[in-house]
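Please read the numbered points below alongside the sequence and the model.

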Amino acid sequence: MRQGRADVVAQQLLQLILDGTFPIGGALPSESELATRFGVSRLTVREAIRSLVSTRVIHVQQGRSSVVNPASRWSPLDGRLLLARSRAESDALLLPRRLLEARRAVEVAIVELAAIRRQESHVERLGALHEEMLQAHDRGDVSAATEADLAFHALLFEAADNVFLDALFEPLASVLRTLRQETSSVPEIRSHALDRHAAILRAVAAGDPEAAREAMQAHLMQTEEDLEHYLGPDAVAGSAVG
């Protein structure tokens, strides 16, 4: 129970860092002050700080106050921090763009191998997951759409059957989940993803690696365009005005 409360405090502390209450480079209040502020024990505060130390948000100095690190030093592979760090950058889409570059480097190769090595059971399961995405989209279930989308891509890795490529991409799983939850909340983005996943499914089912590569490239390009259009600074400014 205490660990769960520590996670909540860590998230609240991170939010105070993001809104400038505890500025970058500045010292945090003492454990006692933070415990009073959040209405928890000092031990809970200590665990919350330890969590943020592990992701390099906070630096603990022996015998001195803890200090908030620059956002550029925060862990890039912690899903909880990805969007927070992005918003701390002058270019809020810089990290999502870099993630897409990594996906292009790995997932295009993965889908080619999947088209060559897939079994009929893979094709059936991909079809079932695409149907889950369709149904979740129709009822506006963002969580279910996200999970089916992630499972679809994970199954492509399974079909490709290359443990080394699995190992390369595995550290990005939590980051992908965080971003996918945000992008899936936009109905238009979900709709575009459904069309692109259908094209990937057709190519893999046909055993056509070239078509599969083109379909994955088109999917990632569409994702980048959607990020710019629906989640970029112009979109945020437009929604604020509208």
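1. Helices α7 and α10 make a left-handed crossing, a term used when the near helix is turned anticlockwise from the far one by less than a right angle, with right-handed kept for clockwise. The two helices pack at an angle of about 25 degrees, and their axes lie 12 Å apart. That angle makes α7 roughly parallel to α10: angles under 35 degrees count as roughly parallel, over 145 as roughly antiparallel, 65 to 115 as roughly perpendicular and the rest as oblique. The axes are lines fitted to C-alpha atoms, for helices over the stretch in contact, and angles run from 0 to 180 degrees between N-to-C directions.

2. Which residues bring α7 and α10 together? From α7 come V142, A145, D149, F152, H153 and L156, and they meet R190, H197, I200, L201 and V204 of α10. By class, the residues of this contact divide into seven nonpolar, two polar and two charged, where Ala, Val, Leu, Ile, Met, Phe, Trp, Tyr, Cys and Pro count as nonpolar, Asp, Glu, Lys and Arg as charged, and the others, Gly among them, as polar. Contact here means heavy atoms within 4.5 Å.

3. The model is a predicted one, in which local features need pLDDT of at least 70 and side-chain atom pairs count only at pLDDT 80 or more, while totals for chains, interfaces and linings use all residues. Residues are numbered from 1 along each chain as its sequence is written, and side-chain values use heavy atoms, with hydrogens and water left out.

4. As for the overall make-up, the protein chain has twelve helices and two strands, and from the N terminus on its elements run α-α-α-β-β-α-α-α-α-α-α-α-α-α. Helices (H or I, at least four residues) and strands (E, at least two) are DSSP runs, numbered from the N terminus. Of the 242 residues in the protein chain, 43% are buried, meaning under 20% relative accessible area, with exposed meaning over 50% and partly exposed in between (1.4 Å probe, protein chains only). Among contacts between residues at least 6 apart in sequence, 71% join residues at least 24 apart.

5. Helix α10 covers residues 187-205, and its 19 residues should span 27 Å at 1.5 Å a residue, which agrees with the 27 Å between its end C-alpha atoms; the expected span is 1.5 Å times one less than the number of residues. Its buried residues are I189, R190, A193, L194, H197, A198, I200, L201, A203 and V204, and these pack against α5 (94-117), α6 (120-138), α7, α9 (173-184) and α11 (209-231). Just after α10, G207 takes a positive phi of about 70 degrees.

6. Within α10, I189 deserves a separate look. I189 counts as buried at 10% relative accessibility, and, not counting residues up to four places away in sequence, I189 touches T183, D226 and Y230. I189 and Y230 are 41 residues apart along the chain, yet their C-alpha atoms are separated by 8.2 Å.

7. How are α5 and α9 set against each other? They pack at an angle of about 120 degrees, with their axes 12 Å apart, and are therefore oblique to each other. α5 passes α9 in a left-handed crossing. The contact is made by P96, L99 and R103 of α5 together with V175, L176, L179 and R180 of α9, which by class gives five nonpolar, no polar and two charged residues.

8. Also in helix α5 is V106, which is buried with a relative accessible area of 11%. Leaving aside neighbours within four places in sequence, V106 is in contact with F157, L165 and F169. V106 and D166 are 60 residues apart in sequence and 9.3 Å apart in space, C-alpha to C-alpha.

9. R56, in the loop between α3 (42-54) and β1 (58-59), has a positive phi near 65 degrees and counts as partly exposed at 41% relative accessibility. D161, in the loop between α7 (142-160) and α8 (163-169), has a positive phi of about 55 degrees although it is not a glycine, and D161 counts as exposed at 59% relative accessibility.
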